[in-house]
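Open the structure in your viewer and keep the selection tool at hand.

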Amino acid sequence: MERPFFTVQHYIDGMFVDGGPRFEVFYPATNEVIGTAPEGGRAEVDAAVSAASRAFKSWSRTPAAERRLVLKRFAQLIRENEADLAATESWDVGRTMRENTHGYIPRIAANIEFFADFAVTHGSSAYPMDNGYINYVLHQPVGVAALITPWNIPMLLATWKLGPALAWGNTVVLKPAELTPLGAWKLAQLADQAGLPPGVFNVVNGFGPESAGQYLTEHPGVRLISFTGETTTGKAIMTVAAQSLKRLSFELGGKGANIIFADADLERAVNISMRSSFFNQGELCLAAPRLLVQRPVYEQFVEKFVAATKALKVGDPFDHSSNIGALIAPEHLQRVEGYVHGVRNSTAEILTGGERPLLPAPFDKGNYLSPTVIVGTQHSDRICQEEVFGPVVTVAPFDEEDEVVAIANGVSYGLSSVLQTRDLGRALRVAAAIEFGTVWVNDFFVRDLRAPFGGAKQSGIGREGGHYGLEFFTETKTVCLSNV
Ligand code: NAD
C-alpha cells in the first residue's frame, strides 16, 4: 500500500486554515510520519467559538426539516466515500481494513442520518391541568457545543456527537485526539461539500492540557461539552468546566466483564468473545477483557478460545487477511506491555501472546502485540481492575451466579458487559444485577441508536442516543399556557 501524506488543517468558519505549530502524525503500523497537523492555541479556539456563535443565530432558527436535508447530504457523502474513509481510519488508528469494511463506515453515516430524522420526527409532551391551563414542553438548541474525542474510534465517535448536536440546532467545535487528526479533517471536507453553512461545524486540532482541548473547555462561549476519553481526563475537564457551569456529557473508560455460563452455546460464545476481546486490537472502551467462565465448561472454553486467538493473524492493516492491527503509539504499547510484565512476575500464566510478533519490514517497526490470554490472576490484580486498552484478556472460572455478579461489579468502571447463557431467567436476573450502562446478552456491539448509551460508576455521566441525547443537546423549556 502506497503511503500517503496528509497535511491536516483546522476547519474554522467554513475555511480550511493553518494556525499554530505543526506536529507529526504517525502510522501506528510502521511508525512512519504520514502527515502533520497544526496545534491550535487560544487564537484558533477563539476564532472557532466566535464562528460557531455567529452561525448559531441562523442554524438554531433553521427549520429542523431543512437542517435534515443538509445533514442527509453529509451522510450520503460519507457513504459515497466509504473506501477513502475506511483507509483513513486505518492510517489514523492502525486498525485493519477488514474491520473497517464490516459496517463501520455505514455506521458513521447512520449516526448523522438517524439524528437528522429523529429531530424531525420526535414529538414533545404536554400536561393539561385541571384548571384548563396547559403546560407544554419545548426542546430548543443550547448554543456552541465542544465535542472532544479520543483516538480509538475517531470517526464513529465524532459523528455520534455531531449528529445530535447539529440536528437539534447547536453549532460545534470538534477537537479530535492529537494522535488521530485525519478522520475529523476528512469529515469536515465532506460536511463542507454537503453545504453545511460556515461556522456550524468547526474543527480545531491540538492537544489536551494547555492546548486546544483545555482552551475549549475553558471558553466562555462554549455552553456544553460532550467528551469521550479517559476517566482522569473527564475529571480534569469537569474541574475546569465547573468555573462556568457548562453542561457536561462524559463517556469514559471501561473494564467490562464477559460472563459465560455453562449452558451457553460454546461455539457462539467463543466467536462473541473474540470480538469483545480483540476488536480494534482491544483498544475499545466497550471491550469485555475480563472473561468469567462457569467451571463446568471452563477448560473446554479456554482450549477453544486460546486456539481461536492463536489463529488470529497480526499484521499489515491493509492486508485483508489481517485480523489484528497495530496499537496506537509506542508509549501505549509499552503501557500495555507493562501489565503483561506484571503478570510474568506473578503466579498467573500467559497461555498465548504477550510478545511482540515477528513481522516483515516495515511492520517490524510498528506497535504490535500478539493477542494475549492470561489465566490464574486474582480479581483484585491491577490487570483485572484497570483499563489495559490492548489485546490482552484474563480468563477465570466461577461457580455461582451471585459470585460472578459480585466479581463483575467489583471494578470502578461500569460501561458495558457481555452475558452468555441460554437460560432466559438467568439472563434477565444477571443483566439487572450487574452495574453497567449496556449489557449484551449473547452478542456484542449491536445497538439501536434510539437506545441510551453511557456508563455507570466511573465510566461516565449522562446518556446519549435517541431522546436521551435530546435531554443533553437541547434546552428543555416549559411553557404554561393560561386558558383566560
Ligand atoms: P484522553 O482522555 O487522553 O483524550 C481524549 C481527548 O481529550 C483528546 O482529544 C485529548 O486531546 C483531550 N484532552 C486530554 N486532556 C484534556 C484536557 N485537560 N482538557 C480538554 N481536553 C483534553 O483519551 P484517549 O487516550 O484519547 O482515549 C482512550 C480513552 O477513551 C479510554 O479510556 C477509553 O475507554 C475512552 N473511551 C470511552 C468511550 C465511551 O464511549 N465511554 C469510547 C471510546 C474511548
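How far apart do the C-alpha centres of domain 1 and domain 2 lie? They lie 31 Å apart. This is a predicted model: local features need pLDDT of at least 70, side-chain atom pairs count only at pLDDT 80 or more, and totals for chains, interfaces and linings use all residues. Residues are numbered from 1 along each chain as its sequence is written, and side-chain values use heavy atoms, with hydrogens and water left out.

**Stop 1: the two domains**

Select 6–252 and colour it as domain 1. Then select 257–441, which is domain 2. These bounds come from an automatic or database domain assignment. Domain 1 gives 24 residues to the contact and domain 2 gives 30. Contact here means heavy atoms within 4.5 Å.

**Stop 2: the interface**

The size of an interface is often given as the accessible area lost when the parts come together. Domain 1 and domain 2 bury about 2,200 Å² between them. Of that area, 60% is on carbon and sulfur atoms. Buried area is the accessible area (1.4 Å probe) that two parts lose on being put together, summed over both.

Now pick R98, E99 and W151. Together they supply 24% of the area that domain 1 buries against domain 2, more than any other three residues.

How many salt bridges cross this interface? The rule finds 0 between domain 1 and domain 2. A salt bridge is a side-chain nitrogen of Lys or Arg within 4 Å of a carboxyl oxygen of Asp or Glu. Polar contacts are there, though: 10 residue pairs, both residues at pLDDT 80 or more. A polar contact is a pair of N or O atoms within 3.5 Å; within protein, one must be able to donate a hydrogen and the other to accept it, and residues adjacent in sequence count only if both atoms are side-chain atoms.

Next, select α3 (82–93) and α4 (97–100). These elements each give two or more residues to the side of domain 1 that touches domain 2. The largest share, 5 residues, comes from α3. Helices (H or I, at least four residues) and strands (E, at least two) are DSSP runs, numbered from the N terminus.

**Stop 3: salt bridges**

By the rule, the count comes to 26 salt bridges. Start with D13 and R54. Their closest N and O atoms are 3.0 Å apart. D13 sits in the loop between β2 (10–12) and β3 (15–17), while R54 is in helix α1 (residues 42–59). The two are 41 residues apart.

Is D13 buried, exposed or partly exposed? D13 is partly exposed, at 27% relative accessibility. R54 is partly exposed too, at 46%. Buried means under 20% relative accessible area, exposed over 50%, and partly exposed in between (1.4 Å probe, protein chains only).

Move to R22 and D18. This salt bridge has its closest N and O atoms 2.7 Å apart.

Now select E401 and R426, whose closest N and O atoms are 3.3 Å apart. E401 lies in helix α14 (residues 401–409) and R426 in helix α15 (residues 424–433), so the pair ties together parts 25 residues apart in sequence. E401 is buried, at 17%. R426 is buried as well, at 17%.

**Last stop: E337**

Select E337 in helix α12 (residues 330–344). E337 is buried, with a relative accessible area of 11%. Leaving out residues up to four places away in sequence, E337 touches R356 and L369.
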